[in-house]
Amino acid sequence: MVCQEDRGRLLRERLRLKVPTMVVPNSCFDCYQAIQSENRSFPHSRPHRVVFIYQGVNHLDRRYLCELVNAFGSVDADVLLRLALTGDPKNTAILRSLAVRTKHPEQLEFADYVPYPQHFAAAQRCHVGIMLYRQDVSLNYRYCAPNKLYEYAMLGLPVLSSDQDHLRAQIECNGFGLCVDPGDSQALVDAIIRMTNSETLREMGLRARRWYERFGRYEVAATRLEDWCVTLSARSTAS
């Protein structure tokens with residue numbers, strides 16, 4: 001049982017396993033009933049401003065946070081990057097120092113980190129959720145299974161993500177966000193600009209919620225688990 005399909009493939013190959021993989025979504029099952037985002041209206045910090053949010057650890061290198069601050073601080077668009085960070089205070093201080101030196105420091109906001117599950121309310125007040133992972137750090141990062149993917153989708157938030165193949169297959173192929181190489185500053189800026197269109201955001205948000213309904217709900221995972229157990233039982237009986 002794994003939380004991402006490629007991880008299952010690697011385990012089967014390295015351990016020479018002859019059993020099927022059961023992928024359990026890294027999802028937020030317990031909060032599903034409390035979130036009804038399909039019909040929510042997009043709030044704004046001020047008219048027309050699009051608010052992007054990054055919630056999480058402040059690893060500068062592993063999460064491309066310096067690149068993110070530079071992109072939002074340089075882009076000529078009515079956007080706001082809200083950073084709700086946890087981790088080493090020195091890293092946050094570095095990001096704050098970087099932010100004030102950008103062209104548009106007013107487009108960067110450092111917010112208090114809100115723990116689970118209260119952080120859902122903070123994210124729901126934004127328009128786009130961000131999750132960036134450096135692929136060459138480890139297999140864990142290359143084949144990441146972000147809980148943020150399911151959290152944002154549950155909230156009906158479009159997603160701006162790094163461009164691992166499996167994330168692109170989930171996000172872009174289902175039309176609820178964009179995947180870019182975060183190390184490419186122009187690609188990151190272009191993606192931010194593309195996600196300032198209100199109609200694009202509305203459509204992406206609806207698709208995100210529909211994707212969650214198909215792949216993130218507890219009932220879906222429970223049904224797959226039952227099918228997996230039946231398959232294993234049948235194989236055991238046959239042998």
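1. V19 is located in the loop between α1 (5-15) and β1, where helices (H or I, at least four residues) and strands (E, at least two) are DSSP runs numbered from the N terminus. At 40% relative accessibility, V19 is partly exposed; buried means under 20% relative accessible area, exposed over 50%, and partly exposed in between (1.4 Å probe, protein chains only). Together with L11, L15 and L17, V19 forms a nonpolar surface patch with about 330 Å² of accessible area. Patches are made of residues with over 30% relative accessible area and no salt bridge; like charges are joined within 9 Å, and nonpolar side chains (Val, Leu, Ile, Met, Phe, Trp, Tyr) within 5 Å. Accessible areas come from the Shrake-Rupley method with a 1.4 Å probe, and for residues only the protein chains shown count as cover.

2. The model is predicted: local features need pLDDT of at least 70, side-chain atom pairs count only at pLDDT 80 or more, and totals for chains, interfaces and linings use all residues. Residues are numbered from 1 along each chain as its sequence is written, and side-chain values use heavy atoms, with hydrogens and water left out.

3. Which residues does L10 touch, not counting residues up to four places away in sequence? They are L139 and Y143, contact being heavy atoms within 4.5 Å. L10 belongs to helix α1 and is buried, at 15% relative accessible area. The C-alpha atoms of L10 and L139 are 9.9 Å apart in space, although 129 residues separate them in sequence.

4. Helix α2 (residues 65-74) has L65, L68, V69, A71, F72 and G73 as its buried residues. These pack against β1 (50-57), β2 (79-86), α3 (89-100), β3 (108-111), β4 (128-131) and α8 (185-194).

5. The aromatic pairs number 5. Rings of Phe, Tyr and Trp (its six-membered ring) pair if their centres lie within 6.5 Å; planes under 30 degrees apart count as stacked, over 60 as edge-to-face and the rest as tilted. Y116 and F120 make an edge-to-face pair, 5.6 Å centre to centre with 65° between the planes. Y116 is partly exposed at 41% relative accessibility, whereas F120 is buried at 3%.

6. The pair of Y150 and W211 is tilted, because the ring planes stand at 35°, with centres 5.1 Å apart. This pair links distant parts of the chain, Y150 being in helix α6 (residues 147-155) and W211 in helix α9 (residues 198-215), 61 residues apart. Y150 is buried at 8% relative accessibility, and W211 is buried at 4%. Y150, F176, W211 and F215 form one aromatic cluster.

7. There are 11 salt bridges, each being a side-chain nitrogen of Lys or Arg within 4 Å of a carboxyl oxygen of Asp or Glu. E213 is bridged to R209, with the closest N and O atoms 3.3 Å apart; both residues lie in helix α9, 4 residues apart, about one turn of the helix. E213 also meets R217 in a salt bridge (3.2 Å, N to O). R209 is buried at 2% relative accessibility, while E213 is partly exposed at 28% and R217 is partly exposed at 22%. Salt bridges that share partners join D163, R168 and E172 into one network, in which R168 and D163 meet at 3.8 Å, N to O.
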